[in-house]
Amino acid sequence: MKRTIIATFIAMLLLPMAAMADSYTSLWKKYDGAVKKDHPQTVLKVLAQISGKAEKERAYGHLLKAQVAQLDWLSQLSRDSIPVVAERLKSCGDAAERKGDLVLAAVYQSVMGKMYTRYRYAFDDAKELGAEYFRRSMEHPEALAAAYCTSYVPFVEDGVDSKYYYDDMLHIIGIAAGDYRGMHDYYAAHGKREGACLTALQMVKQKHRNARHTREEVEVHHVARLAHQRVQRPRGVWRGGNSSLRVHEERRGCDSRGEEQLHQLCPY
């Protein structure tokens with residue numbers, strides 16, 4: 001049964017898809033209904049319809065969401081299907097790169113990085129391959145910063161912090177890669193204050209992520225508060241904050257070290 005489903009899906013990928021009369025809303029509703037009923041063959045059929053329609057119309061948000069969903073479903077049915085989908089994703093990314101679409105290529109590289117991380121059991125050298133694809137996804141921060149993440153809905157979902165990162169694709173790809181340094185360097189060099197401060201905070205958190213109820217952990221939480229204050233504070237206001245309210249020696253030490261750490265990365 002599993003082989004039949006996979007063979008049917010592969011055939012759908014290889015055949016040219018006719019234009020679909022259904023809207024994306026209608027197709028995704030069909031997909032959700034098939035998922036609830038746990039009908040994998042119907043799920044894959046609908047996803048193939050969405051992929052075909054989206055590829056023809058260059059609706060990359062729908063295409064990417066459908067392709068990632070296909071990978072997830074097929075991986076549950078058979079481990080052998082993962083490399084098949086991986087090759088398809090790679091070819092899409094390579095095609096985007098050849099056409100000079102740096103943002104779309106970066107998105108596919110990010111998807112490949114996640115795939116190698118999540119399905120590492122299906123590949124040799126998965127860790128190295130994943131790291132390489134994540135690295136490649138951040139090679140053109142200027143193109144990512146100029147692209148709005150809304151162009152890739154519904155693959156990209158709007159988050160509460162997106163506005164502080166200018167709703168750009170740089171923060172989407174950078175966070176996926178864990179490359180806060182690359183994000184920070186771009187934002188700081190281009191005077192993007194909120195992004196520079198928030199990525200500085202994430203860099204400090206990365207440095208101390210293994211701290212557990214220690215002095216360092218207290219410092220990390222305080223640096224987080226400092227970063228939040230800086231994002232909210234108008235330009236020109238003194239960095240020091242409400243130092244008169246700091247009455248404990250531990251807090252005073254944290255204030256000094258945390259401010260110094262953050263100031264090195266976020267000098268605003």
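Asp125 sits in the loop between helix 6 and helix 7 (126-137). The model is a predicted one. Phi of Asp125 is near 55°, a positive value in a residue that is not glycine.

**Backbone exceptions**

Most residues other than glycine have a negative phi, and most peptide bonds are trans. A cis bond is found elsewhere in the chain. The peptide bond from Val153 to Pro154 is cis, and its omega is near 10°. Pro154 belongs to the loop between helix 8 (141-146) and helix 9 (169-177).

**Overall build**

How many helices and strands does the protein chain have? The count is 13 helices and zero strands. Read from the N terminus, the elements run α-α-α-α-α-α-α-α-α-α-α-α-α. The protein chain has 268 residues, and buried residues make up 46% of them. Take the contacts between residues at least 6 apart in sequence. Of these, 64% join residues at least 24 apart.

Helix 4 covers residues 60-77. Its 18 residues should span 26 Å at 1.5 Å a residue, and its end C-alpha atoms are 26 Å apart, which agrees. Of those 18 residues, 13 are buried, so helix 4 is largely enclosed by the rest of the structure.

Two packed helices are described by the angle between their axes and the distance between the axes.

| Pair | Axis angle | Axis distance |
|---|---|---|
| Helix 4 and helix 5 | roughly 165° | within 9 Å |
| Helix 4 and helix 6 | about 15° | 12 Å |

Start with helix 5, residues 81-98. Helix 4 and helix 5 cross at roughly 165°. An angle over 145 degrees counts as roughly antiparallel, so that is the relation between helix 4 and helix 5. Helix 4 passes helix 5 in a left-handed crossing. On the helix 4 side, the contact uses Gln67, Leu71, Leu74 and Ser75. On the helix 5 side, it uses Ser81, Ile82, Val85, Arg88, Leu89 and Cys92. By class, the residues of this contact are six nonpolar, three polar and one charged.

Now helix 6. Helix 4 and helix 6 pack at about 15°. The two are therefore roughly parallel to each other. Their crossing is right-handed. Helix 4 contributes Tyr60, Leu63, Leu64, Gln67, Val68, Leu71 and Asp72 to the contact. Helix 6 contributes Leu104, Val107, Tyr108, Val111, Met115 and Arg118. The contact of helix 4 with helix 6 has ten nonpolar, one polar and two charged residues.

Helix 6 itself runs over residues 102-118 and has 17 residues. From its first C-alpha to its last it reaches 24 Å, close to the 24 Å expected at 1.5 Å a residue. Why is helix 6 described as largely enclosed by the rest of the structure? Because 13 of its 17 residues are buried.

Thr199 lies in helix 11, residues 193-207. Is Thr199 buried or exposed? At 0% relative accessibility, Thr199 counts as buried. Leave aside its neighbours within four places in sequence. Thr199 is then in contact with Tyr165, Tyr180, Met183, His184 and Tyr187.

Val204 lies in helix 11 as well. Val204 has a relative accessible area of 4% and is buried, because the cut-off for buried is under 20%. Val204 and Tyr180 are 24 residues apart in sequence, and their C-alpha atoms are 9.9 Å apart in space.

Definitions and conventions:
Residues numbered from 1 in each chain as written. Predicted model: local features only at pLDDT ≥ 70, side-chain atom pairs only at ≥ 80, totals over all residues. Heavy atoms only, no water. Helix = DSSP H or I, 4+ residues; strand = E, 2+ residues; numbered from the N terminus. Expected span 1.5 Å × (residues − 1). Buried < 20%, exposed > 50% of the residue type's maximum accessible area, 1.4 Å probe, protein only. Contact = heavy atoms within 4.5 Å. Axes fitted to C-alpha atoms, helices over the stretch in contact; angles between N-to-C directions. Parallel < 35°, antiparallel > 145°, perpendicular 65-115°, else oblique. Left-handed = near helix turned anticlockwise from the far one by under 90°. Nonpolar A, V, L, I, M, F, W, Y, C, P; charged D, E, K, R; others polar.
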